[in-house]
Amino acid sequence: MTVLRAARALDLPDWMIFSGAVYQKVLNHLTGRPQDYGLKDYDLAYFDASDLSWEAEDRVIRRAAAELPPPLDQLVEVRNQARVHLWFESRFGEPYSPLSCSTEALERFVSTTNAVGVRLEADDRLTLSAPFGLEDLFSLRLRPNPNRPAEGFRRKVSGVLARWPELQVADAD
């Protein structure tokens, strides 16, 4: 909640916390592990197509770090989803067309299980985004995204299973 409140205070366009910061907490709860077990960072996504420069994104990264108390200031990874297409292929080896919003990024995650995002609204309600639903997550099933090449999913499986061996892996072919 500290990260969600800080993210909300930044008042970024189309923001959400997603990926491990959400699905790993659920896995930890379902498997009886400590809340922060296996969590390496909090992914804070936002979408601002008005300035796709690294400098603009870096200003937001620094603002977020200043808003968060230690050690969270070092654990929040901020990314402008409007500029992911500029660097994704060189980092992950597959094409990535431009997005139209932050929620669309969830549709491109390597697994349906980790494609979950949440935003804390002004009235303290949570808005959840899960384009593939939540059944795989709550069933402890790791399933590949049918819209992505299976190689990315295969790379992710071993790391996830090392931390949560209870998960069942759906076929990646």
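Trp-15 touches Leu-4, Ala-7, Arg-8, Leu-44, Ala-45, Tyr-46, Val-118, Arg-119 and Leu-120, where contact means heavy atoms within 4.5 Å and residues up to four places away in sequence are not counted. The model is a predicted one, in which local features need pLDDT of at least 70 and side-chain atom pairs count only at pLDDT 80 or more, while totals for chains, interfaces and linings use all residues. Residues are numbered from 1 along each chain as its sequence is written, and side-chain values use heavy atoms, with hydrogens and water left out.

Trp-15 belongs to the largest nonpolar core, which has 34 residues; Trp-15, Ile-17 and Leu-44 touch the most other members. A nonpolar core is here a set of buried Ala, Val, Leu, Ile, Met, Phe, Trp, Tyr and Cys residues joined through side-chain atoms within 4.5 Å. Buried stands for under 20% relative accessible area, exposed for over 50%, and partly exposed for values in between (1.4 Å probe, protein chains only). Two or more residues of this core come from each of α1 (2-10), α2 (20-31), β2 (42-46), α3 (54-67), β3 (76-80), β4 (117-120) and α8 (150-163). These elements are DSSP runs numbered from the N terminus, helices being H or I with at least four residues and strands E with at least two. Another core, of 13 residues, lies apart from this one and includes Ala-82, Tyr-96, Ala-105 and Phe-109.

Leu-4, in helix α1, is one of the contacts of Trp-15. Leu-4 counts as buried because its relative accessible area is 10%. Beyond its neighbours within four places in sequence, Leu-4 is in contact with Trp-15, Ile-17, Val-118, Arg-119, Leu-120 and Leu-126. Between the C-alpha atoms of Leu-4 and Arg-91, which are 87 residues apart in sequence, the distance is 28 Å.

Arg-119 is part of strand β4. A polar atom of the Arg-119 side chain lies 2.6 Å from the backbone oxygen of Trp-15. The side chain of Arg-119 also makes a polar contact with the side chain of Glu-121, at 3.2 Å. A polar contact is a pair of N or O atoms within 3.5 Å; within protein, one must be able to donate a hydrogen and the other to accept it, and residues adjacent in sequence count only if both atoms are side-chain atoms. With neighbours within four places in sequence left aside, the contacts of Arg-119 are Leu-4, Asp-14, Trp-15, Arg-125, Leu-126 and Thr-127.

Strand β4 runs antiparallel to strand β5 (residues 126-129), and four bridges join the two; strands pair if DSSP finds at least two bridges between them. Gly-117 stands opposite Ser-129 in β5. The two strands form a hairpin with five residues between them, and Asp-124 in the turn has a positive phi of about 70°.

Arg-79 is located in strand β3. Arg-79 is classed as partly exposed because its relative accessibility is 26%. Its contacts, not counting residues up to four places away in sequence, are Leu-44, Ala-45, Tyr-46, Glu-57, Ile-61 and Trp-87.

Thr-31 lies in helix α2. Thr-31 counts as buried because its relative accessibility is 19%. Its side chain makes a polar contact of 2.8 Å with the side chain of Arg-33. Thr-31 also touches Leu-140, Trp-164 and Glu-166, with residues up to four places away in sequence not counted.

The largest pocket holds about 970 Å³ of space. Of its 34 lining residues, Ser-19, Asp-43, Phe-92, Phe-109 and Lys-156 are the closest to its centre. The elements α2, β2, β3, α5 (88-92) and α8 each give two or more residues to this lining, and α8 gives the most, with six. On a 1 Å grid over the protein atoms alone, a pocket is an open set of points with protein on both sides within 12 Å along at least five of seven lines, a cavity is a set of points where a 1.4 Å probe fits but cannot get out, and lining residues have an atom within 4 Å of a point. Grid points are joined across faces, edges and corners, and a volume is the space filled by probe spheres set on the points.

One cavity of 30 Å³ or more is counted. The largest cavity has a volume of about 40 Å³ and is lined by Val-3, Ala-6, Ala-7, Leu-10, Leu-44, Ala-64, Glu-67, Leu-68 and Val-76. Two or more of the lining residues come from each of α1 and α3, with α1 giving the most, four residues.
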